[in-house]
Amino acid sequence: MYSELKQTIEAAWENRELLKDSATKQAIRAVVELVDKGMLRTAEPLDVEKSLWQVNEWVKKAIILYFPIQPMRKMEAGELEWYDKMELKHGFQELGVRVVPHAVARYGAYIAPGAILMPSYVNIGAYVDTGTMVDTWATVGSCAQIGKHVHLSGGVGIGGVLEPVQAAPVIIEDNCFIGSRAIVVEGAHICREAVLGSNVVITGSTHIIDVTGPEPITHKGYVPPRAVVVPGSYRKQFPAGEYSVSCALIIGHRKESTDKKTSLNNALRDFGVSV
């Protein structure tokens, strides 16, 4: 459907001299506009049940190429002043999105109808699906994919992943709860209905240790569906001695059979998770 646009983007990626051509600039801006409207995504689910996703590298390339073709300009709002290349997102009333001052979303980020932005920041290329709340001082980085009915609590940091283009962005699937001050970066993948307690840090290399069975099971950069996760540590030997290293612990699972909200409350109560 977008084969011609893709060919133009790929050609410009290999030969930056093409960025001088008006047709190339038009194609890049067309892709960013489609991303802004949610018609194209930097990553998309292939199989929801299996949590399989596909990275659309050419779309990420278009976003990267958008920066050099945009002129710097001054932007003002009363006494406030900025100097940048990127436009801000507008038309939230028409989009059906509730936006509380001083929330900011950049043009090129898709915010679905029914989403709520408390004072927060959403960067270009991100996708925030319907019913999701981005709570106070939370940030959604470039190209991050946030599913339906997700709660990003106060101060949550969702990292951006633009380069390398083949790298998967941070993915937070449907019905997840991300506790206050939690950090998810480096393309980490949080599967549907998972609960991250307060201050949990998930990177691409974080040890995520399931301690619910007789033997620990370690994941890296991946939190399984319905897992309830809290901060933890494990002992590691270094040349200078043995020290504690931060990790994340899976201490239980939300029940699939119960209502999402009830299940969340039960998870927090049963496992003593701070949010």
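This is a predicted model: local features need pLDDT of at least 70, side-chain atom pairs count only at pLDDT 80 or more; totals for chains, interfaces and linings use all residues.
The crossing of α1 and α3 is left-handed, a term used when the near helix is turned anticlockwise from the far one by less than a right angle, with right-handed kept for clockwise. Residues are numbered from 1 along each chain as its sequence is written, and side-chain values use heavy atoms, with hydrogens and water left out.

The contact (heavy atoms within 4.5 Å) is made by L5, K6, I9, E10, A12 and W13 of α1 together with W58, K61, A62, I64 and L65 of α3. The axes of these two helices, α1 and α3, come within 9 Å and cross at roughly 60°, which makes α1 oblique to α3.

Turning to the other partner, α1 and α2 pack with their axes 9 Å apart and at an angle of about 120°, and the crossing of α1 and α2 is again left-handed. On the α1 side the contact uses L5, T8, I9 and A12, and on the α2 side T24, A27, I28, A30, V31 and L34.

As for α2 itself, this helix runs over residues 22–36 and reaches 21 Å from its first C-alpha to its last, close to the 21 Å expected at 1.5 Å a residue, the expected span being 1.5 Å times one less than the number of residues. Its buried residues (under 20% relative accessible area, 1.4 Å probe, protein chains only) are T24, A27, I28, V31, V32, L34, V35 and D36, and their cover includes α1, α3 and β7. After α2 comes G38, whose phi is positive, near 80°.

Note on methods. Helices (H or I, at least four residues) and strands (E, at least two) are DSSP runs, numbered from the N terminus. Buried means under 20% relative accessible area, exposed over 50%, partly exposed in between (1.4 Å probe, protein chains only). Axes are lines fitted to C-alpha atoms, for helices over the stretch in contact, and angles run from 0 to 180 degrees between N-to-C directions. Angles under 35 degrees count as roughly parallel, over 145 as roughly antiparallel, 65 to 115 as roughly perpendicular and the rest as oblique.
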